[in-house]
Amino acid sequence: MIDGTLRDFRDGSGSWDYQSELQITCRLGWQPQELFAKAGLAPLFEGARVALIVSTGSTLQTGRRFVALDQPVRDIPSDPAELRYSLTSAHLCSRINATLLIYSGGGSIAGLQVRLGSVLYREDAVLSLEGDLASFPVRAISFSESSLGDGLWLVAFSAESPADPLLSSVTLLLNSDRTEFIQRLNAEEDGLLRWIIRADVMASVLSSCLLVDELGYDPQEEYPEASLGSVVSAWLRSLGIEGTPATQALREQASKEPGVLRQRCQAISAGGSEGA
């Protein structure tokens, strides 16, 4: 369920923005205790647990993976038999992989020992996220309460290595004090504001990677898919920048003429660049 609208995983998320909250509902077509009895697993029912494992991002190596829910099977409500978990925008990127597991707490059946953690049931589902701003976390916060001035948005950048996931390196902060701006961003049809914001994100991230020596970005190195380095390299290629000399020239331009770099990002962003 996304903002009150129920959708099947196979249908994707449809329109997506930074204020959306994703509620995952696992509706079971069976009653847990009855199912265990029919399957001959009744002795394991009391100790059995159910877990919902969620991963987000293009790959497991560059995304996030966490246990969203882990509880005794006996605690699953009976009418209806379903599990629910909500995800905020900060936990979402590219696609959502949800795995429902029922596993044993240990025990024996017909004299056979069943190990703790043995998987009794598994089901997987994948939800593809759509939308211009779904590639990195976007949060609406009060700039006045956070001592961030009175601007409309801020690109927050924090990375230790170009191999870090883009998901954990870049956050777009929107000023919730500017309610009119938030409303216009939600209601616009031509995408102009999103284009402007996307170009600013590109320019900010490129400048950080090119000018922060401690980060160690190397345009000749191959980085993991969906990592900060791989996205930056794709953006540089879209700007026609390849090779060390061209990258060094862009570094100097980012340092001396940051406005020119932002203008170049605007041109690329307007065409829908990769990773933005």
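Helix α4 has 20 residues and reaches 28 Å from its first C-alpha to its last, close to the 28 Å expected at 1.5 Å a residue, where the expected span of a helix is 1.5 Å times one less than its number of residues. The model is predicted, so local features need pLDDT of at least 70 and side-chain atom pairs count only at pLDDT 80 or more, while totals for chains, interfaces and linings use all residues. Residues are numbered from 1 along each chain as its sequence is written, and side-chain values use heavy atoms, with hydrogens and water left out. Helices (H or I, at least four residues) and strands (E, at least two) are DSSP runs, numbered from the N terminus.

**Helix α4 and its residues**

- Helix α4 is mostly covered, with 15 of its 20 residues buried; buried means under 20% relative accessible area, exposed means over 50%, and partly exposed lies in between, with a 1.4 Å probe and protein chains only.
- Ser 207 is found in helix α4, and Ser 207 counts as buried because its relative accessible area is 18%.
- Leaving aside residues up to four places away in sequence, Ser 207 touches Val 212, Ala 254 and Leu 261, a contact meaning heavy atoms within 4.5 Å.
- Arg 198 also has its place in helix α4, and Arg 198 is buried, with a relative accessible area of 12%.
- Arg 198 and Cys 265 are 67 residues apart in sequence, and in space they are 8.7 Å apart, C-alpha to C-alpha.

**Helices packed against α4**

- Two packed helices are described by the angle between their axes and the distance between the axes.
- Helix α4 (residues 192-211) and helix α5 (residues 228-238) pack at an angle of about 110 degrees, with their axes 11 Å apart; axes are lines fitted to C-alpha atoms, for helices over the stretch in contact, and angles run from 0 to 180 degrees between N-to-C directions.
- That angle makes α4 roughly perpendicular to α5, given that angles under 35 degrees count as roughly parallel, over 145 as roughly antiparallel, 65 to 115 as roughly perpendicular and the rest as oblique.
- From α4, Met 202, Val 205, Leu 206 and Cys 209 meet Leu 228, Val 232, Trp 235 and Leu 236 of α5.
- By class, the contact of α4 with α5 has eight nonpolar, no polar and no charged residues, where Ala, Val, Leu, Ile, Met, Phe, Trp, Tyr, Cys and Pro count as nonpolar, Asp, Glu, Lys and Arg as charged, and the others, Gly among them, as polar.
- The axes of helix α3 (residues 179-187) and α4 come within 8 Å and cross at roughly 105 degrees, which makes α3 roughly perpendicular to α4.
- On the α3 side this contact is made by Phe 181, Arg 184 and Leu 185, and on the α4 side by Leu 193, Arg 194 and Ile 197.
- The residues of the contact of α3 with α4 divide into four nonpolar, no polar and two charged.

**The sheet of β9, β11 and β10**

- An open sheet of three strands has the order β9-β11-β10, with mixed pairing; two strands pair if DSSP finds at least two bridges between them.
- β9 and β10 stand at the edges, each with a single partner strand, so one side of each is left without a neighbour in the sheet.
- Neighbouring strands of this sheet are turned by 25 degrees against each other on average, with direction ignored.
- Strand β9 (residues 138-141) pairs with β11 in the parallel sense over four bridges; Val 138 stands opposite Leu 172 in β11, and the bridge partner of Ala 140 in β11 is Leu 174.
- Strand β10 (residues 153-157) pairs with β11 in the antiparallel sense over five bridges, and Phe 157 has Val 170 as its bridge partner in β11.
- Strand β11 (residues 170-175) is mostly covered, with six of its six residues buried.
- Both faces of β11 are covered, with Val 170, Leu 172 and Leu 174 buried on one side and Thr 171, Leu 173 and Asn 175 buried on the other.
- Helix α4 lies across β10 and β11, running at about 30 degrees to β10.

**Loop residues with positive phi**

- Ala 110 lies in the loop between β6 (107-109) and β7 (112-114), and phi of Ala 110 is near 50 degrees, a positive value in a residue other than glycine.
- At 81% relative accessibility, Ala 110 counts as exposed.
- Ser 147 lies in the loop between β9 and β10; phi of Ser 147 is near 55 degrees, a positive value in a residue other than glycine, and Ser 147 is exposed, with a relative accessible area of 68%.
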